[in-house]
Amino acid sequence: MDIATLKELHADHFSRATAIRVLAMDAVQAANSGHPGMPMGMADVATVLFEKHLKFDASAPDWADRDRFILSAGHGSMLLYALLYLTGYEDMTLDELKNFRQWGSKTAGHPEYGHAKGIETTTGPLGQGLANAVGFAIAEESLRARYGKKIVDHFTYVIAGDGCLMEGISQEAIAFAGMQKLSKLIVLWDNNDISIDGKVSLSDTTDQLARFKASGWHVQECDGHDPEDIDRTLTQARASKKPAMIACKTHIGFGSPKKQDTNGAHGSPLGPEEIQVTRDIYGWTSGPFDIPKDILSAWRTIGARGADERKAWDDRLAALSSSRQADFNRVMSGETHKRLSATVRALKKQITDSRPKVATRKSSEMVLEVLNPVLTETIGGSADLTGSNNTKTADLGIFDATNRKGRYIHYGIREHGMAAAMNGMVLHGGVRPYGGTFLTFSDYARGAMRLSALMGAPVTYVMTHDSIGLGEDGPTHQPVEHLAALRAIPNMRVFRPADTVETAEAWELALSSERAPSVLALSRQNLPTVRTEHKTRNLTALGAYVLAESTAKRQAILIATGSEVEIALAARETLEAEGIGTRVVSMPCAELFAEQDEAYRRRVLPAGPVRVAIEAGIRQGWDRWLLDERGRAARAAFVGMDGFGASAPAETLYKEFGITAENVASTVKGLL
């Protein structure tokens, strides 16, 4: 539908949609940076969605049963910002639009979770929003099964672009969503045939409709500038028993004489002259950032139309028993279960008494066996490694299309999609997801893991087979740089526990975290219980602590993580027998140790003794604890890896690579 016909047949709709277009043009021009073309092209689709289908109340942006709207094509952020302003979200003022992409504004170049209400997730890396949306839909299904349709019954809508659908994560997401029959998920594909380089045909010939159909989706097409056609397809999509994709045929930069249907509208301002010509074509006479009162009033009415429905929902929630209300409010707020700490303490006491020798991946399973029945908001899963990650406990049941009360998800070999979906679950609220894979495959999930940290989404990543200790599978599966790579992500907590006690403490911290994701790096090989004295305090929360003190005059400090703590303790015995006083420091989480005050860090790592760090990974990141914090290069060393591993039994590998108690003791004596 062209502009003249649109204005003639749907004048009111056109004026509302044009408000989005001009705000996008104006904000990008003011910033001299941004992407005006996508908001201009998808304004009609967004207007129909918000006016006729989206369940929301702009005055109550945290309403638990609101529909979720996700802009996966985050480069078109002004579409979202314009909608939030026009519908009356308090956080999104006209000044924020005028400060688009500027320091301190809520209108970042790509939508960022936490900057303003109504931004459901951080998007920009293409495909992430689409994959997040799968997690939102999973959370909705799970909560509806737990609390009933009267309390939880909403859709997740996603606007995705060609780039989102080209990224590999999109196939992981759509295949999984189709298999799970997530019928409350609706994707609106901005089918404008343009990417940054130019026509999509330069790089892709995929039949996207056939692709989605093959993945088990309900698929439709519409004219993305015809409000009646858009409304028709949305109505049908909402009635589908499958997830739905609507291919919305649109013109990028709709109305711009020079830049419509070109990549010129994709990543740069239109320019003052082109903006004025486009305004004239629209028949828009108001100046920059000036929305006529009647049009703004119409949008504000749209923003308030869900108020009665929200109030009716409030009444339904109030009709629940007080305990059910409290439970629902707790899980939606992310508040930690009051029995978490006590359950962990009881398990720790049991472990210090029995002192099992098990792999920490088994330790993790032992912890989950006592926590999952208590924390019924947990949803576990694995990327096709359930038996290796030990992430499934007997009480969970399988989450699938036939059992939405199940709390264990078989993600298949989809590490990236799993991580992104877990982000969506956390952001939706009401569930605490954890998912497993091998530590080396954090490479496949890293894009979504980085966003977990950026958003402060407390996802728990269970990553087993954490070193060369996995043995015969060889260097393709043996992580050597991965601990350093994950520790390099700001706001990511990397736990590498030495035994079952530290594993339990790490789980307590992960499940009580409010603003940081956690990685649990767990061993394949059996490890002894090194915490043999019961402590009610969570020592892992300190990041590092003195596990074994010197008996002779202290001359050395050994710092180790995970499976290498056992090696450090054995080296200490050798050194102490020779009169060399040696302290062993277990450092299960370097990030938490860095957060401790200077006085505590000084007590754990005092000046004077030589320092040797032991970890079956690369040295990168360790120099802070060896050379800084009162250390000296001449009196510090690292025992670990400086290259890739090899295929052999674990015992052989540790010996051949020199990660042994004998080598540690020899290294200490060489420094002395």
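Which residues in α6 meet which residues in α18? In this predicted model, Q128, A131, N132, G135, F136, I138, A139, E140 and L143 in α6 meet H416, A420, A421, N423, G424, M425, L427 and H428 in α18.

- Helix α18 runs over residues 415-428 and has 14 residues.
- From its first C-alpha to its last, α18 reaches 20 Å, close to the 20 Å expected at 1.5 Å a residue.
- The helix is mostly covered, with 14 of its 14 residues buried.
- G429 follows α18 and has a positive phi, near 95°.
- Helix α6 (residues 128-147) packs with α18 at an angle of about 55°, and the two axes are 6 Å apart.
- Angles from 65 to 115 degrees would count as roughly perpendicular and those under 35 as roughly parallel; α6 and α18 are therefore oblique to each other.
- The crossing in which α6 passes α18 is right-handed.

**Nonpolar cores**

- The largest nonpolar core has 130 residues, and M78 and I291 are those with the most contacts inside it.
- Helix α2 (residues 11-31) gives the largest share of this core, 11 residues.
- Apart from this core lies another, of 54 residues, including A556, L558, I559 and A648.
- Leaving aside neighbours within four places in sequence, M78 is in contact with L23, A24, A27, V28, P39, L97 and F100.

- Most residues other than glycine have a negative phi.
- The place of N32 is in the loop between α2 and α3 (37-53).
- N32 counts as exposed because its relative accessibility is 58%, and the cut-off for exposed is over 50%.
- E629 is found in the loop between α25 (623-626) and β18 (636-639).
- Is E629 buried or exposed? Its relative accessible area is 12%, so E629 is buried, the cut-off being under 20%.

Technical notes: Residues are numbered from 1 along each chain as its sequence is written. This is a predicted model: local features need pLDDT of at least 70, side-chain atom pairs count only at pLDDT 80 or more; totals for chains, interfaces and linings use all residues. Side-chain values use heavy atoms; hydrogens and water are left out. A nonpolar core is a set of buried Ala, Val, Leu, Ile, Met, Phe, Trp, Tyr and Cys residues joined through side-chain atoms within 4.5 Å. Buried means under 20% relative accessible area, exposed over 50%, partly exposed in between (1.4 Å probe, protein chains only). Helices (H or I, at least four residues) and strands (E, at least two) are DSSP runs, numbered from the N terminus. Contact means heavy atoms within 4.5 Å. The expected span of a helix is 1.5 Å times one less than its number of residues. Axes are lines fitted to C-alpha atoms, for helices over the stretch in contact, and angles run from 0 to 180 degrees between N-to-C directions. Angles under 35 degrees count as roughly parallel, over 145 as roughly antiparallel, 65 to 115 as roughly perpendicular and the rest as oblique. A crossing is left-handed if the near helix is turned anticlockwise from the far one by less than a right angle, and right-handed if clockwise.
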